[in-house]
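This report covers a single chain and is meant to be read with the sequence and the model side by side.

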Amino acid sequence: NGRQQRKLQPDRSESLERLQRYQNDLLERVAGRFRHLLFVRKLEDAHSFLVLKGKRSPYFEDERRIRMAEAFLQARREPWLLLIHLVDTHCCSEDREERIRLADRNVGRLVRFLRDTGQLERTAILVYSDHTPRWGTLGRIPMILVVPGEAGGESVATNVQPADVAPTILELSGKARPEWMSGHSLLRVGDVSRTRPIFSLVELGTNGLVGP
């Protein structure tokens, strides 16, 4: 959502980038409030998109996220870690397949940007979903890992899950997985039992399933 983790040794480029992001966000929010006061446009609720079905907030549009990601990739020095949460698949068209195709095009746009800036051959890419449609507990989610220098094209039958993402990132960056951390690195999926259990936590309300 446009927030960054401060580096232990910040450089000038990061400070300038943070200042520019702050100025842009400030201008966006002030302009939105003035439009609301002048009856030009109703003030957008930044969280409405995630709360109210069918209502869209420009603040959370994937197009904005992609532009911010491109600016980040253009300005940052390597190594970097970037997590992008695409949420247009949740809203607003009833055509689920079209929403999935839109997310696919956005991922492709970032891959092309990495290639055009000469970073693709040094970048590991992990694409996954945090839940199944309608929060089903028995369905499968997509999980695709591309590692520089690896041939790829392999399908893994072992049970994997989002808890495996953090250990994978740590191994890719040369860091050891803490003992308290759940999950297994996808780079060592051959060491994992093909039938290991996968757990899902859900909340049940009076009207049925309401969320994770």
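## Basis

The model is predicted, so local features are given at pLDDT of at least 70 and side-chain atom pairs at pLDDT 80 or more, while totals for chains, interfaces and linings use all residues. Residues are numbered from 1 along each chain as its sequence is written, and side-chain values use heavy atoms, with hydrogens and water left out.

Helices (H or I, at least four residues) and strands (E, at least two) are DSSP runs, numbered from the N terminus. A residue is called buried under 20% relative accessible area, exposed over 50%, and partly exposed in between, with a 1.4 Å probe and protein chains only.

## Salt bridges

A salt bridge is a side-chain nitrogen of Lys or Arg within 4 Å of a carboxyl oxygen of Asp or Glu. The model holds 10 salt bridges by this rule.

Glu 63, Arg 67, Glu 70 and Arg 109 belong to a network of salt bridges. Within it, Arg 67 pairs with Glu 63, and their closest N and O atoms are 3.5 Å apart. Arg 67 and Glu 63 are 4 residues apart in helix H3 (residues 62-75), so about one helical turn separates them. Arg 67 is partly exposed at 46% relative accessible area, and Glu 63 is partly exposed at 36%. Glu 63 also forms a salt bridge with Arg 109, where the closest N and O atoms are 3.0 Å apart. This pair links distant parts of the chain, with Arg 109 in helix H4 (residues 96-116) and Glu 63 in helix H3, 46 residues apart. Arg 109 has 23% relative accessibility and therefore counts as partly exposed.

Glu 98 and Arg 101 form a salt bridge as well, at 3.0 Å from N to O. Both residues lie in helix H4, 3 residues apart, or about one turn of the helix. Glu 98 is partly exposed at 29% relative accessibility, and Arg 101 is partly exposed at 40% relative accessible area.

## Helix H5

Which residues of H5 are buried? They are Val 165, Pro 167 and Thr 168. These residues lie on the same side of H5 because they cover an arc of only 165 degrees around the axis, the arc being that of the directions from the helix axis to the C-beta atoms. The buried residues of H5 pack against strand S1 (125-128) and strand S2 (143-146); contact here means heavy atoms within 4.5 Å.

Ile 169 is also in helix H5 (residues 165-172), but it counts as partly exposed, at 33% relative accessibility. Ile 169 and Leu 187 are 18 residues apart in sequence, and their C-alpha atoms are 9.6 Å apart in space. Just after H5, Gly 174 has a positive phi of about 80 degrees.

## Backbone features in the loops

Most residues other than glycine have a negative phi, and most peptide bonds are trans. Phe 39 is not a glycine, yet its phi is positive, at about 60 degrees. Phe 39 lies in the loop between helix H1 (12-37) and helix H2 (48-51) and is exposed, with a relative accessible area of 79%.

The peptide bond between Glu 78 and Pro 79 is cis, with omega at about 0 degrees. Pro 79 is in the loop between H3 and H4.

## Thr 158

Apart from its neighbours within four places in sequence, Thr 158 contacts Val 189, Val 192, Ser 193 and Arg 194.

## The second largest pocket

On a 1 Å grid over the protein atoms alone, a pocket is an open set of points where a 1.4 Å probe fits, with protein on both sides within 12 Å along at least five of seven lines; lining residues have an atom within 4 Å of a point. Grid points are joined across faces, edges and corners, and the volume is the space filled by probe spheres set on the points.

The second largest pocket has a volume of about 1,200 Å³. Its lining consists of 37 residues, and those nearest the centre are Ile 141, Met 143, Val 160, Gln 161 and Leu 186. By type, the lining divides into 21 nonpolar, 12 polar and 4 charged residues. Here Ala, Val, Leu, Ile, Met, Phe, Trp, Tyr, Cys and Pro count as nonpolar, Asp, Glu, Lys and Arg as charged, and the others, Gly among them, as polar.
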